[in-house]
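Subject: Handing over the model, with notes on what was found

Dear colleague,

I am passing the structure below on to you, and I would be grateful if you kept it open while reading the notes that follow.

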Amino acid sequence: MMKQRLDQRQVQKLILAPALQQAIKLLPMTNLELIEVIDEELSENPMLELEGESIDRQAEASEDNAPAESAKTEALEAGPEEPAGNDDDAAFESYFQEYFDDGFRPSSQERREIPAMENTLAGETTLWDHLDWQANLTFHEPVERDIAERIIGNINDDGYLTVPPLELAETIGVPVERVEAVRRTIMAFDPVGVAALELKECLLAQMDYLEIKDETARTIVTQHLGLLEKCDYAQLAKLLGRPASAVKYHIEVIKRLDPTPGRKYSKARPSYITPDIIVTKEGDDFKISLNDEGLPRLRINAYYRQLLAKAFKDNPDAYHFLKDKMKKALWFLRSLDQRDQTIFKVARYVVDKQKDFIDKGMDFIRPLTLMEIAQEIGVHESTVGRVVANKFIMTPQGVYSLKYFFHKALIGDAGEDVSSLRVKDRIRKMVEAEDKTAPFSDMEIEAVLGRENFHIARRTVAKYRKQLKILPSHIRKRKYQMEGTP
(Lines give C-alpha, C1' and ligand atoms only; values in the text may rest on other atoms or scores of the structure.)
Protein backbone atom coordinates (compact mmCIF):
# COMPACT_ATOMS: atom_id res chain seq x y z
CA MET A 1 0.00 0.00 0.00
CA MET A 2 1.34 3.39 -1.02
CA LYS A 3 1.92 6.04 1.65
CA GLN A 4 2.05 9.81 1.27
CA ARG A 5 4.61 11.82 3.17
CA LEU A 6 6.04 15.31 3.22
CA ASP A 7 9.86 15.78 3.18
CA GLN A 8 12.12 18.83 3.21
CA ARG A 9 15.19 18.82 0.99
CA GLN A 10 17.97 21.32 0.45
CA VAL A 11 19.46 21.21 -3.05
CA GLN A 12 21.66 23.49 -5.16
CA LYS A 13 20.48 24.46 -8.62
CA LEU A 14 21.79 26.85 -11.24
CA ILE A 15 18.83 28.92 -12.43
CA LEU A 16 19.01 31.63 -15.06
CA ALA A 17 17.11 34.70 -13.93
CA PRO A 18 14.91 36.35 -16.60
CA ALA A 19 17.26 39.33 -16.69
CA LEU A 20 20.26 37.07 -17.34
CA GLN A 21 18.34 35.23 -20.04
CA GLN A 22 17.63 38.57 -21.66
CA ALA A 23 21.30 39.60 -21.54
CA ILE A 24 22.33 36.29 -23.17
CA LYS A 25 19.67 36.74 -25.83
CA LEU A 26 20.99 40.18 -26.77
CA LEU A 27 24.63 39.11 -27.14
CA PRO A 28 24.63 37.46 -30.61
CA MET A 29 22.33 40.06 -32.18
CA THR A 30 23.44 42.36 -34.95
CA ASN A 31 22.65 46.06 -34.72
CA LEU A 32 19.64 45.63 -37.02
CA GLU A 33 18.22 42.85 -34.86
CA LEU A 34 18.92 44.87 -31.73
CA ILE A 35 16.97 47.84 -33.14
CA GLU A 36 13.94 45.58 -33.61
CA VAL A 37 14.16 44.36 -30.01
CA ILE A 38 14.51 47.91 -28.69
CA ASP A 39 11.51 49.07 -30.73
CA GLU A 40 9.47 46.16 -29.38
CA GLU A 41 10.50 46.96 -25.80
CA LEU A 42 9.63 50.62 -26.34
CA SER A 43 6.14 49.71 -27.53
CA GLU A 44 5.49 47.44 -24.52
CA ASN A 45 7.09 49.33 -21.67
CA PRO A 46 5.93 52.92 -20.93
CA MET A 47 8.86 53.37 -18.54
CA LEU A 48 11.26 53.53 -21.50
CA GLU A 49 11.54 56.42 -23.89
CA LEU A 50 13.84 57.70 -26.56
CA GLU A 51 16.04 60.57 -25.58
CA GLY A 52 14.32 63.86 -26.46
CA GLU A 53 10.78 62.51 -26.17
CA SER A 54 8.14 63.94 -23.82
CA ILE A 55 10.39 66.73 -22.60
CA ASP A 56 7.58 69.23 -22.72
CA ARG A 57 5.20 66.88 -20.93
CA GLN A 58 7.74 66.27 -18.24
CA ALA A 59 8.30 69.99 -17.83
CA GLU A 60 4.57 70.69 -17.54
CA ALA A 61 4.07 67.88 -15.11
CA SER A 62 6.98 69.03 -13.05
CA GLU A 63 5.66 72.60 -12.83
CA ASP A 64 2.12 71.54 -11.90
CA ASN A 65 2.87 68.84 -9.42
CA ALA A 66 6.30 69.66 -8.21
CA PRO A 67 5.55 70.09 -4.48
CA ALA A 68 3.36 67.04 -4.01
CA GLU A 69 5.32 64.69 -6.25
CA SER A 70 8.58 65.80 -4.79
CA ALA A 71 7.37 64.73 -1.40
CA LYS A 72 6.09 61.43 -2.73
CA THR A 73 9.26 60.77 -4.67
CA GLU A 74 11.24 61.32 -1.54
CA ALA A 75 8.88 58.97 0.23
CA LEU A 76 9.37 56.33 -2.46
CA GLU A 77 13.14 56.63 -2.39
CA ALA A 78 13.15 56.51 1.39
CA GLY A 79 10.52 53.77 1.34
CA PRO A 80 9.55 53.85 5.03
CA GLU A 81 5.89 53.02 4.53
CA GLU A 82 6.09 50.35 1.88
CA PRO A 83 4.45 47.20 3.23
CA ALA A 84 6.93 44.60 2.03
CA GLY A 85 10.21 44.21 0.22
CA ASN A 86 11.59 47.61 1.31
CA ASP A 87 15.14 46.44 1.65
CA ASP A 88 15.09 44.61 -1.68
CA ASP A 89 13.63 47.54 -3.57
CA ALA A 90 16.03 49.99 -1.99
CA ALA A 91 18.96 47.80 -2.98
CA PHE A 92 17.47 47.37 -6.42
CA GLU A 93 17.13 51.11 -6.99
CA SER A 94 20.57 51.74 -5.56
CA TYR A 95 21.98 49.24 -8.09
CA PHE A 96 20.37 51.19 -10.93
CA GLN A 97 20.84 54.67 -9.44
CA GLU A 98 22.75 55.88 -12.51
CA TYR A 99 19.66 55.40 -14.68
CA PHE A 100 17.64 57.81 -12.49
CA ASP A 101 20.19 60.54 -12.94
CA ASP A 102 18.89 63.24 -15.27
CA GLY A 103 22.36 63.57 -16.73
CA PHE A 104 22.54 59.86 -17.55
CA ARG A 105 23.48 59.02 -21.10
CA PRO A 106 23.84 55.48 -22.43
CA SER A 107 27.34 54.44 -23.44
CA SER A 108 26.87 55.51 -27.02
CA GLN A 109 28.12 58.29 -29.19
CA GLU A 110 26.34 61.05 -31.05
CA ARG A 111 23.35 59.84 -33.02
CA ARG A 112 23.60 60.36 -36.75
CA GLU A 113 20.80 60.51 -39.29
CA ILE A 114 20.82 57.86 -42.01
CA PRO A 115 18.82 57.87 -45.26
CA ALA A 116 15.46 56.13 -45.13
CA MET A 117 15.62 52.53 -46.36
CA GLU A 118 12.85 53.08 -48.90
CA ASN A 119 14.96 55.80 -50.57
CA THR A 120 17.74 53.30 -51.31
CA LEU A 121 15.65 50.55 -52.96
CA ALA A 122 15.15 50.01 -56.66
CA GLY A 123 13.34 47.26 -58.55
CA GLU A 124 15.32 44.90 -60.80
CA THR A 125 14.21 42.96 -63.85
CA THR A 126 14.32 39.23 -63.22
CA LEU A 127 15.02 36.55 -65.82
CA TRP A 128 11.38 35.45 -65.72
CA ASP A 129 10.08 39.02 -66.17
CA HIS A 130 12.40 39.47 -69.15
CA LEU A 131 11.31 36.19 -70.78
CA ASP A 132 7.64 36.81 -70.07
CA TRP A 133 7.87 40.24 -71.69
CA GLN A 134 9.36 38.66 -74.85
CA ALA A 135 6.76 35.88 -74.82
CA ASN A 136 3.93 38.45 -74.72
CA LEU A 137 5.32 40.02 -77.88
CA THR A 138 5.87 36.68 -79.63
CA PHE A 139 2.99 34.32 -78.84
CA HIS A 140 -0.57 35.47 -79.60
CA GLU A 141 -2.59 32.26 -79.40
CA PRO A 142 -3.90 31.47 -75.89
CA VAL A 143 -2.56 27.89 -76.01
CA GLU A 144 0.95 29.03 -76.93
CA ARG A 145 0.82 31.71 -74.23
CA ASP A 146 -0.14 29.05 -71.69
CA ILE A 147 2.69 26.75 -72.83
CA ALA A 148 5.21 29.61 -72.75
CA GLU A 149 4.15 30.63 -69.24
CA ARG A 150 4.60 27.08 -67.94
CA ILE A 151 8.01 26.72 -69.61
CA ILE A 152 9.24 30.08 -68.29
CA GLY A 153 7.89 29.28 -64.84
CA ASN A 154 9.99 26.08 -64.71
CA ILE A 155 13.32 27.65 -65.72
CA ASN A 156 15.95 27.74 -62.95
CA ASP A 157 18.43 30.50 -62.12
CA ASP A 158 20.98 29.12 -64.60
CA GLY A 159 18.43 29.29 -67.42
CA TYR A 160 17.70 25.56 -67.83
CA LEU A 161 14.25 23.97 -68.06
CA THR A 162 13.76 21.70 -65.06
CA VAL A 163 10.64 19.84 -66.26
CA PRO A 164 10.63 17.47 -69.30
CA PRO A 165 8.54 18.74 -72.25
CA LEU A 166 6.52 15.50 -72.23
CA GLU A 167 5.39 16.16 -68.64
CA LEU A 168 4.41 19.73 -69.54
CA ALA A 169 2.46 18.46 -72.57
CA GLU A 170 0.53 15.99 -70.43
CA THR A 171 -0.23 18.67 -67.86
CA ILE A 172 -1.50 21.17 -70.41
CA GLY A 173 -3.18 18.55 -72.61
CA VAL A 174 -1.43 19.37 -75.89
CA PRO A 175 0.90 17.34 -78.17
CA VAL A 176 4.54 17.31 -77.06
CA GLU A 177 5.54 18.59 -80.51
CA ARG A 178 3.71 21.84 -79.79
CA VAL A 179 5.52 22.26 -76.46
CA GLU A 180 8.84 21.60 -78.21
CA ALA A 181 8.05 24.21 -80.87
CA VAL A 182 7.39 26.86 -78.20
CA ARG A 183 10.51 25.85 -76.25
CA ARG A 184 12.67 26.15 -79.37
CA THR A 185 11.32 29.65 -79.91
CA ILE A 186 12.07 30.60 -76.30
CA MET A 187 15.63 29.28 -76.69
CA ALA A 188 16.17 32.02 -79.26
CA PHE A 189 15.02 34.71 -76.82
CA ASP A 190 17.49 36.87 -74.98
CA PRO A 191 19.57 35.39 -73.32
CA VAL A 192 20.09 32.83 -76.07
CA GLY A 193 20.11 29.21 -74.93
CA VAL A 194 17.68 29.70 -72.06
CA ALA A 195 15.08 26.89 -71.62
CA ALA A 196 17.63 24.28 -72.80
CA LEU A 197 17.48 20.87 -71.14
CA GLU A 198 21.26 20.32 -70.93
CA LEU A 199 24.60 22.08 -71.44
CA LYS A 200 25.18 20.62 -74.89
CA GLU A 201 21.85 21.90 -76.17
CA CYS A 202 22.46 25.32 -74.60
CA LEU A 203 25.91 25.72 -76.24
CA LEU A 204 24.71 24.51 -79.64
CA ALA A 205 21.81 26.99 -79.53
CA GLN A 206 24.27 29.82 -78.94
CA MET A 207 26.55 28.59 -81.74
CA ASP A 208 23.55 28.55 -84.11
CA TYR A 209 22.52 32.06 -83.07
CA LEU A 210 26.08 33.39 -83.50
CA GLU A 211 26.40 31.46 -86.81
CA ILE A 212 29.60 29.73 -85.70
CA LYS A 213 30.54 27.32 -88.49
CA ASP A 214 33.44 25.67 -86.62
CA GLU A 215 32.69 21.96 -87.05
CA THR A 216 35.51 20.88 -84.72
CA ALA A 217 34.09 23.03 -81.93
CA ARG A 218 30.66 21.53 -82.59
CA THR A 219 32.15 18.04 -82.43
CA ILE A 220 33.79 18.81 -79.07
CA VAL A 221 30.48 20.14 -77.69
CA THR A 222 28.51 17.24 -79.08
CA GLN A 223 30.81 14.33 -78.20
CA HIS A 224 33.64 15.35 -75.84
CA LEU A 225 32.31 17.72 -73.18
CA GLY A 226 33.46 15.27 -70.48
CA LEU A 227 37.10 15.53 -71.57
CA LEU A 228 36.80 19.31 -71.74
CA GLU A 229 35.55 19.37 -68.16
CA LYS A 230 38.57 17.31 -67.00
CA CYS A 231 41.00 19.54 -68.96
CA ASP A 232 42.25 16.35 -70.65
CA TYR A 233 43.40 18.14 -73.77
CA ALA A 234 45.91 15.47 -74.79
CA GLN A 235 43.19 12.80 -75.06
CA LEU A 236 40.90 15.29 -76.78
CA ALA A 237 43.57 16.07 -79.41
CA LYS A 238 44.16 12.35 -79.91
CA LEU A 239 40.46 11.62 -80.49
CA LEU A 240 40.13 14.55 -82.88
CA GLY A 241 43.31 13.52 -84.70
CA ARG A 242 44.77 17.00 -84.42
CA PRO A 243 47.75 18.53 -82.63
CA ALA A 244 47.06 20.10 -79.23
CA SER A 245 47.95 23.56 -80.51
CA ALA A 246 45.18 23.27 -83.13
CA VAL A 247 42.63 22.06 -80.58
CA LYS A 248 43.38 25.08 -78.39
CA TYR A 249 41.83 27.44 -80.97
CA HIS A 250 38.55 25.52 -81.01
CA ILE A 251 38.41 25.40 -77.22
CA GLU A 252 38.79 29.18 -77.13
CA VAL A 253 35.70 29.42 -79.37
CA ILE A 254 33.70 27.33 -76.90
CA LYS A 255 34.97 29.36 -73.92
CA ARG A 256 33.31 32.48 -75.37
CA LEU A 257 29.87 30.83 -75.00
CA ASP A 258 27.81 31.19 -71.81
CA PRO A 259 27.08 27.86 -70.07
CA THR A 260 24.64 29.55 -67.66
CA PRO A 261 22.72 32.16 -69.71
CA GLY A 262 20.26 32.90 -66.90
CA ARG A 263 22.90 33.98 -64.41
CA LYS A 264 23.27 37.51 -65.70
CA TYR A 265 19.68 38.18 -64.57
CA SER A 266 20.07 36.44 -61.24
CA LYS A 267 23.49 37.59 -60.12
CA ALA A 268 24.20 37.29 -56.46
CA ARG A 269 23.62 40.66 -54.91
CA PRO A 270 26.56 42.23 -53.12
CA SER A 271 26.36 41.93 -49.38
CA TYR A 272 26.86 45.27 -47.66
CA ILE A 273 28.32 44.85 -44.21
CA THR A 274 28.01 47.31 -41.38
CA PRO A 275 30.84 46.66 -38.93
CA ASP A 276 29.86 46.32 -35.29
CA ILE A 277 33.36 47.22 -34.08
CA ILE A 278 35.65 49.90 -35.49
CA VAL A 279 39.42 49.81 -34.92
CA THR A 280 41.53 52.87 -35.68
CA LYS A 281 45.22 53.40 -35.15
CA GLU A 282 46.29 56.31 -33.00
CA GLY A 283 50.04 56.54 -32.68
CA ASP A 284 51.31 53.10 -31.71
CA ASP A 285 48.00 52.01 -30.18
CA PHE A 286 44.69 50.84 -31.61
CA LYS A 287 41.50 52.52 -30.47
CA ILE A 288 38.34 50.37 -30.31
CA SER A 289 34.82 51.78 -30.56
CA LEU A 290 31.44 50.10 -30.95
CA ASN A 291 29.39 51.18 -33.92
CA ASP A 292 26.07 52.42 -32.52
CA GLU A 293 24.89 54.11 -35.71
CA GLY A 294 21.11 53.84 -35.95
CA LEU A 295 20.67 52.40 -32.45
CA PRO A 296 17.99 54.23 -30.41
CA ARG A 297 19.20 55.85 -27.20
CA LEU A 298 16.95 54.96 -24.29
CA ARG A 299 16.34 56.39 -20.88
CA ILE A 300 13.82 56.12 -18.06
CA ASN A 301 10.67 58.14 -18.65
CA ALA A 302 10.58 60.78 -15.91
CA TYR A 303 6.83 61.35 -16.30
CA TYR A 304 5.91 57.74 -15.54
CA ARG A 305 8.46 57.69 -12.78
CA GLN A 306 6.54 60.55 -11.18
CA LEU A 307 3.29 58.66 -11.70
CA LEU A 308 4.87 55.73 -9.90
CA ALA A 309 5.61 57.95 -6.93
CA LYS A 310 2.09 59.38 -7.03
CA ALA A 311 0.44 55.95 -7.16
CA PHE A 312 2.33 54.76 -4.11
CA LYS A 313 -0.47 55.78 -1.75
CA ASP A 314 -3.44 56.51 -4.03
CA ASN A 315 -3.58 53.46 -6.30
CA PRO A 316 -1.83 50.27 -5.14
CA ASP A 317 -2.70 48.35 -8.33
CA ALA A 318 -1.21 51.04 -10.53
CA TYR A 319 1.79 51.24 -8.24
CA HIS A 320 2.59 47.53 -8.56
CA PHE A 321 2.06 47.64 -12.33
CA LEU A 322 4.38 50.61 -12.79
CA LYS A 323 6.90 49.16 -10.35
CA ASP A 324 7.08 45.97 -12.40
CA LYS A 325 7.54 47.95 -15.60
CA MET A 326 10.25 50.01 -13.94
CA LYS A 327 12.20 46.89 -12.98
CA LYS A 328 11.92 45.47 -16.48
CA ALA A 329 13.05 48.76 -18.00
CA LEU A 330 16.07 48.94 -15.72
CA TRP A 331 17.04 45.35 -16.44
CA PHE A 332 16.74 46.00 -20.15
CA LEU A 333 19.02 49.03 -19.94
CA ARG A 334 21.46 47.03 -17.83
CA SER A 335 21.40 44.18 -20.39
CA LEU A 336 22.21 46.60 -23.21
CA ASP A 337 25.14 47.97 -21.24
CA GLN A 338 26.42 44.48 -20.40
CA ARG A 339 26.19 43.51 -24.07
CA ASP A 340 28.32 46.50 -25.08
CA GLN A 341 30.84 45.84 -22.32
CA THR A 342 31.23 42.14 -23.22
CA ILE A 343 31.63 42.88 -26.93
CA PHE A 344 34.22 45.54 -26.09
CA LYS A 345 36.22 43.17 -23.87
CA VAL A 346 36.28 40.46 -26.56
CA ALA A 347 37.22 42.99 -29.25
CA ARG A 348 39.95 44.43 -27.02
CA TYR A 349 41.52 41.01 -26.52
CA VAL A 350 41.30 40.11 -30.23
CA VAL A 351 42.93 43.39 -31.26
CA ASP A 352 45.70 43.06 -28.67
CA LYS A 353 46.35 39.47 -29.78
CA GLN A 354 46.29 40.25 -33.51
CA LYS A 355 48.01 43.62 -33.23
CA ASP A 356 50.84 42.62 -35.56
CA PHE A 357 48.39 41.23 -38.14
CA ILE A 358 46.37 44.46 -38.14
CA ASP A 359 49.57 46.45 -38.45
CA LYS A 360 51.67 44.34 -40.83
CA GLY A 361 49.51 41.72 -42.57
CA MET A 362 48.83 37.99 -42.95
CA ASP A 363 52.35 36.77 -42.10
CA PHE A 364 51.80 37.92 -38.52
CA ILE A 365 48.36 36.47 -37.75
CA ARG A 366 48.29 34.34 -34.60
CA PRO A 367 46.06 31.40 -33.63
CA LEU A 368 43.21 32.15 -31.26
CA THR A 369 40.49 30.09 -29.57
CA LEU A 370 37.23 30.84 -27.78
CA MET A 371 38.55 29.13 -24.65
CA GLU A 372 41.57 31.45 -24.52
CA ILE A 373 39.43 34.61 -24.52
CA ALA A 374 36.88 33.10 -22.12
CA GLN A 375 39.59 32.39 -19.55
CA GLU A 376 41.17 35.79 -20.03
CA ILE A 377 38.04 37.95 -19.57
CA GLY A 378 36.33 35.64 -17.07
CA VAL A 379 33.24 34.49 -18.97
CA HIS A 380 32.02 31.15 -20.28
CA GLU A 381 33.23 29.93 -23.65
CA SER A 382 29.67 29.95 -24.99
CA THR A 383 29.37 33.65 -24.11
CA VAL A 384 32.38 34.42 -26.31
CA GLY A 385 30.79 32.31 -29.05
CA ARG A 386 27.62 34.43 -28.86
CA VAL A 387 29.64 37.64 -29.03
CA VAL A 388 31.59 36.43 -32.06
CA ALA A 389 28.45 35.33 -33.95
CA ASN A 390 27.25 37.74 -36.66
CA LYS A 391 29.78 40.44 -35.72
CA PHE A 392 32.16 42.24 -38.06
CA ILE A 393 35.19 44.32 -37.22
CA MET A 394 36.65 47.09 -39.39
CA THR A 395 40.43 47.37 -39.15
CA PRO A 396 43.09 49.24 -41.16
CA GLN A 397 43.58 45.91 -43.03
CA GLY A 398 39.88 45.75 -44.03
CA VAL A 399 36.55 44.45 -42.72
CA TYR A 400 36.58 40.93 -41.25
CA SER A 401 34.08 38.65 -39.61
CA LEU A 402 35.06 38.33 -35.96
CA LYS A 403 35.12 34.55 -36.55
CA TYR A 404 38.00 35.06 -39.01
CA PHE A 405 40.45 35.43 -36.13
CA PHE A 406 39.54 32.09 -34.53
CA HIS A 407 41.35 29.10 -36.00
CA LYS A 408 43.53 26.17 -35.03
CA ALA A 409 47.21 26.39 -34.26
CA LEU A 410 50.01 24.35 -35.82
CA ILE A 411 53.29 23.81 -34.00
CA GLY A 412 56.46 25.24 -35.52
CA ASP A 413 60.01 23.90 -35.12
CA ALA A 414 60.72 26.10 -32.13
CA GLY A 415 57.46 25.05 -30.46
CA GLU A 416 55.69 28.28 -31.33
CA ASP A 417 52.04 28.37 -32.42
CA VAL A 418 51.51 28.92 -36.13
CA SER A 419 48.14 29.96 -37.53
CA SER A 420 46.51 27.64 -40.09
CA LEU A 421 45.49 30.77 -42.01
CA ARG A 422 49.14 31.64 -42.42
CA VAL A 423 49.88 28.16 -43.82
CA LYS A 424 46.99 28.43 -46.29
CA ASP A 425 48.22 31.82 -47.42
CA ARG A 426 51.69 30.34 -47.96
CA ILE A 427 50.23 27.49 -50.09
CA ARG A 428 48.27 29.98 -52.18
CA LYS A 429 51.37 32.10 -52.82
CA MET A 430 53.43 28.99 -53.72
CA VAL A 431 50.90 27.91 -56.34
CA GLU A 432 50.65 31.40 -57.80
CA ALA A 433 54.44 31.56 -58.23
CA GLU A 434 55.04 27.91 -59.26
CA ASP A 435 56.72 26.79 -62.46
CA LYS A 436 53.83 26.35 -64.90
CA THR A 437 55.60 23.49 -66.66
CA ALA A 438 56.05 21.56 -63.41
CA PRO A 439 53.38 22.54 -60.83
CA PHE A 440 53.91 21.62 -57.20
CA SER A 441 52.35 18.33 -56.11
CA ASP A 442 50.93 18.03 -52.60
CA MET A 443 54.05 16.10 -51.54
CA GLU A 444 56.34 18.83 -52.86
CA ILE A 445 54.29 21.51 -51.10
CA GLU A 446 54.59 19.50 -47.89
CA ALA A 447 58.39 19.37 -48.31
CA VAL A 448 58.69 23.12 -48.97
CA LEU A 449 56.52 23.93 -45.96
CA GLY A 450 58.65 21.59 -43.84
CA ARG A 451 61.78 23.51 -44.78
CA GLU A 452 59.97 26.70 -43.69
CA ASN A 453 59.13 25.18 -40.28
CA PHE A 454 55.50 24.45 -41.16
CA HIS A 455 55.32 20.72 -40.47
CA ILE A 456 51.98 19.39 -41.73
CA ALA A 457 51.00 16.08 -43.35
CA ARG A 458 50.36 15.67 -47.08
CA ARG A 459 46.67 15.00 -46.46
CA THR A 460 46.48 18.30 -44.58
CA VAL A 461 48.05 20.02 -47.59
CA ALA A 462 45.41 18.39 -49.81
CA LYS A 463 42.64 19.53 -47.42
CA TYR A 464 43.91 23.12 -47.36
CA ARG A 465 44.33 23.09 -51.16
CA LYS A 466 40.70 22.03 -51.62
CA GLN A 467 39.55 24.71 -49.19
CA LEU A 468 41.46 27.25 -51.29
CA LYS A 469 39.78 25.79 -54.44
CA ILE A 470 43.16 24.97 -56.03
CA LEU A 471 43.09 22.11 -58.55
CA PRO A 472 45.43 19.08 -58.26
CA SER A 473 48.85 19.50 -59.91
CA HIS A 474 48.14 17.26 -62.94
CA ILE A 475 45.00 19.25 -63.86
CA ARG A 476 46.81 22.56 -63.32
CA LYS A 477 49.56 21.34 -65.64
CA ARG A 478 47.07 20.52 -68.41
CA LYS A 479 45.45 23.93 -68.08
CA TYR A 480 48.80 25.71 -68.18
CA GLN A 481 49.82 23.74 -71.29
CA MET A 482 46.59 24.49 -73.15
CA GLU A 483 46.56 28.14 -72.14
CA GLY A 484 50.21 28.44 -73.17
CA THR A 485 51.09 30.00 -69.86
CA PRO A 486 54.87 30.53 -69.65
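To begin with a single side chain, Arg 150 has a relative accessibility of 34% and counts as partly exposed, where buried means under 20% relative accessible area, exposed means over 50%, and partly exposed lies in between (1.4 Å probe, protein chains only). Please bear in mind that this is a predicted model, in which local features need pLDDT of at least 70 and side-chain atom pairs count only at pLDDT 80 or more, whereas totals for chains, interfaces and linings use all residues. Residues are numbered from 1 along each chain as its sequence is written, and side-chain values use heavy atoms, with hydrogens and water left out.

Salt bridges

Arg 150 forms a salt bridge with Asp 146, with the closest N and O atoms 3.3 Å apart; the term stands for a side-chain nitrogen of Lys or Arg within 4 Å of a carboxyl oxygen of Asp or Glu. By this rule the count comes to 24 salt bridges. Arg 150 and Asp 146 are four residues apart in helix H7 (residues 142–153), and are therefore separated by about one helical turn; helices (H or I, at least four residues) and strands (E, at least two) are DSSP runs, numbered from the N terminus. An α-helix has 3.6 residues a turn, so residues three or four places apart point the same way. Asp 146, with a relative accessible area of 28%, is partly exposed.

A second salt bridge joins Asp 158 to Arg 263, where the closest N and O atoms are 2.4 Å apart. This pair links distant parts of the chain, 105 residues apart, since Asp 158 sits in the loop between H7 and helix H8 (165–172), while Arg 263 sits in the loop between helix H14 (244–255) and strand S2 (277–282). Arg 263 is partly exposed, with a relative accessibility of 42%.

Glu 180 and Arg 184 also meet in a salt bridge, at 3.9 Å from N to O. Both residues lie in helix H9 (residues 176–187), four residues apart, which is about one turn of the helix. Glu 180 counts as partly exposed at 22% relative accessibility, as does Arg 184 at 46%. Salt bridges that share partners join Glu 180, Arg 183, Arg 184 and Glu 201 into one network.

Helix H2

The 14 residues of helix H2 (residues 31–44) should span 20 Å at 1.5 Å a residue, and the end C-alpha atoms are 20 Å apart, which agrees; the expected span is 1.5 Å times one less than the number of residues. Buried in H2 are Asn 31, Leu 34, Ile 35, Val 37, Ile 38, Glu 41 and Leu 42. They cover an arc of only 165 degrees around the axis, which puts them on the same side of H2, the arc being that of the directions from the helix axis to the C-beta atoms. The face turned away from the buried side of H2 carries the exposed residues Leu 32, Glu 36 and Ser 43.

Aromatic rings

Rings of Phe, Tyr and Trp (its six-membered ring) count as a pair if their centres lie within 6.5 Å, with planes under 30 degrees apart called stacked, over 60 edge-to-face and the rest tilted. A search of the whole structure finds eight aromatic pairs. Phe 357 and Tyr 404 form a tilted pair, 6.3 Å centre to centre with 40 degrees between the planes. This pair links distant parts of the chain, 47 residues apart, with Phe 357 in helix H17 (residues 355–360) and Tyr 404 in the loop between strand S6 (398–401) and strand S7 (409–411). Phe 357 is buried, at a relative accessible area of 2%, whereas Tyr 404 is partly exposed at 25% relative accessibility. Tyr 404 and Phe 405 form an edge-to-face pair, 5.7 Å centre to centre with 85 degrees between the planes, and Phe 405 is buried, with a relative accessible area of 1%. Ring pairs link Phe 357, Tyr 400, Tyr 404 and Phe 405 into a cluster.

Backbone details

A cis peptide bond, with omega about 0 degrees, joins Asp 190 and Pro 191, and Pro 191 is in the loop between H9 and helix H10 (199–209). Ala 195 lies in the loop between H9 and H10; although Ala 195 is not a glycine, it has a positive phi of about 80 degrees, and it is buried at 0% relative accessible area. Asn 390, likewise not a glycine, has a positive phi of about 65 degrees; Asn 390 lies in the loop between helix H19 (381–388) and strand S5 (392–395) and is partly exposed at 44% relative accessibility.
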